Amino acid sequence: MKHKASLPYLLALPGLAVLVAILYPFLTGTWWSFTSYRLNRGDPEFNWGENFVTLFSSGEGLHAIGVTLTYAAVVVVIECLLGISLAMLLNYGRYGNFFRLLIVLPMLLPPVIAALMWKVMLTENGIANWILESLGGQRLLWLNGQDSALWSVILIDVWIFTPFVVLLAQAGLKSIPAELREASAVDGAGPIRNFVSVTLPMLTPILIVIVTFRGVDSLKMFDIIYTTTKGGPIDATTNLHVMAYLDGIRNLNFGMAMAALVVLWVLCYLISHFLLKARRKEATS
Amino acid sequence: MEHHRKPAALARTALVAIAAGAMLTGCASGPAGGPDVEVESFDWRNFEGEEINVLMSQHPLSNAVQNHVEEFEELTGVDVNIETQSETDYMVKILTELQSGSGSYDVFMTSQPMNYQYAAAGWIEDLQPWVDDPNHTSPEYDFDDFYPALIEANRWDTTDFGGAGEGGLWAIPANEEGYALFYRKDILEANGIAVPQTIDELIAAAKQLDGTEFEGQEISGFVSRGDKTYPTLNPFSTFAGAFGAQDVTDGKATVNSPEGVEAVSKWVELMETAPQAASTYTWYEAQQDFISGNAAFYIDADHMAPDFEKEGSPIAGKVGYALPPEGPEGRASSLWVWSLGMNASSEHKGAAWQFIQWATSKEMLTNAIADGNMNPTRVSVAESEEMAAATAEWGDYNQVWQEILSEYAEWPYAPSATWPEVGDIWATAIQSALLGDQSVEEALDEAAAKIDEVIK
């Protein structure tokens, strides 16, 4: 009897341990974001949200938030468009299996290696400029230019992560019964009508998953940016995550770093909250 | 986390106590303050059987130590585990380890800006009492043999934005770099240009050569670092010093002083003869650019010579080494000192100090020349036959670097626990001016305001 009563609690223990392991660092970080904590300057002192005021009132903070949102929005839109198009080509075109193998390759590289590889290709005398010049174009500054750096980093992200979208979108496409498309074709729908009225609605659930994953991942992007530009030139590619790293690890200002990360967390939370809600709605309708 | 925090706090309190003690006794010689490890007299076998952990960054210095560490183990009977990581990883690792107060690394590589961050927090041991203790320091150590400028660069009394060259000695110099002007002898000869002596001569020569062709290759006049982080200030220090520009004076930012504006204006004028991408170059990209023969002039760390002169380098034998160019205040150079420091929470301080002594001894620094650990931090090693032989084919190199170090080089910035942040702000302003984003005055005014925020 007694044994039976304690069993459920015993079984809950591992769960509790995991919960503590997740919550303790998270709450510590959140607490630090409300303090003037410098790693080499004694213990954290509460400063009434001053870090957040600084973040939302300084040029750097707002700029970093802007870069974070721009990066995520552009990356998600391009990768979805490209990924779905490629998935359809692979599904309905020939040699699908061969190209699928080829297309996954970028995903198999660690992002840091891929980013370094691109960094080399995008240097002033690199292969990208060589191709541009031999096509009669002008050399670009790519990662070294203030106006082009963000777009260059986005290009690398698209190269690495579009395959992820392709794989998921393909799975989604496969789950659409062929009869549906055939039926709509019999009803006289052309390929475009077919895509808009059959494929896209059937693809929506998986599309929500894709946008959630890629959205959150690209809001948090660090490795590609840090390996190629360290957030520069000046602060052209400094998003919240890179800013937090520079504040925390380079300047030992953990208060400010954690504030940036808390804002980043809120952004990620909001995005996944609304998208998952949309997904539930989708599932019930 | 919680387990770590308490010892860290304890260690911090203990350190404050030790530091206070050290301050009371001053830097008086003798075994008064400092080492709490009792030994009767100096003996390399005093700590036989102990084990120490060493964290280093990938560098010729760590190669040298790794290649010879068995000799130390034989000499002392102390086991040494050396861990070497890339510079970025090592910076993060050492920071987290020191902060935890765990003492898991006894000895580590460090440099002046890092000393400031660590010393302010009490994470790093003041080595002066160890140097002064004859029971712990070998009679053959010859501390006075180190270049005074290097020892001074490693001293700081932990006063924010003051107290340079005074107070605790936070690390022992093991590698030195000053900043020299490199030029291509062949290009200058072909164009009938004499080696520039002043900043204006250098700018004129770089402009004249920029965009011309040499041996079928289009060259740029100059190249150097332009990245937005404080290491860019190292080559720039030659200009800052030549005009008398300072980062912080009496607790106020002075990067936007008339001298500061003049120095950055001239630097930007010179950097405009560099490839456009140089505005984001770190030392590595700048060095690659120069080695591939793309530039006529280059200002950077003098100890890059081994890379220029090694087999297979397109510019081997073609590089001339000169003093940094002169400005209204004469010639100037900052310096960077890779040093060895001791963890204040180490439980093997006696053995750790023996390791530091050994790694910075005359014998070891002489051996390290063969591993490319340029430049030696001791006068006797700098003037040794080994150094002369190793650099025999590098033109004026051996003479020039010694002249820079003994005549001009000093750490010119105001030490502070937040110095890296100040340095980054200054470097970002230089990049911004170079990219034409802001005028030099605007960029520096903004930087000064930001630096004052940090000082506050």
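The following exercises, with worked solutions, concern a predicted model.

Residues are numbered from 1 along each chain as its sequence is written, and chains are lettered from A in the order in which they are written. In this predicted model, local features need pLDDT of at least 70 and side-chain atom pairs count only at pLDDT 80 or more, while totals for chains, interfaces and linings use all residues.

**Exercise 1. Determine which domains chain B contains and what the side of domain 1 that touches domain 2 consists of.**

Step 1. The assignment, whose bounds come from an automatic or database source, gives domain 1 (2-24 + 37-175 + 337-408) and domain 2 (179-334 + 418-455) in chain B. Their C-alpha centres lie 30 Å apart.

Step 2. Two residues are in contact if their C-beta atoms, placed from the backbone, lie within 7 Å. By this criterion, 17 residues of domain 1 of chain B touch 20 residues of domain 2 of chain B.

Step 3. On the domain 1 side, α4 (112-121) and α17 (397-408) of chain B each supply at least two residues; helices (H or I, at least four residues) and strands (E, at least two) are DSSP runs, numbered from the N terminus. The most comes from α17(B), with six residues.

Step 4. This side divides into 10 nonpolar, four polar and three charged residues. Ala, Val, Leu, Ile, Met, Phe, Trp, Tyr, Cys and Pro count as nonpolar, Asp, Glu, Lys and Arg as charged, and the others, Gly among them, as polar.

**Exercise 2. Describe the side of chain A that touches chain B.**

Step 1. Contacts join 17 residues of chain A to 22 residues of chain B.

Step 2. In chain A, α1 (2-33) and α11 (240-250) each provide at least two residues of this side.

Step 3. The chain A side comprises seven nonpolar, seven polar and three charged residues.
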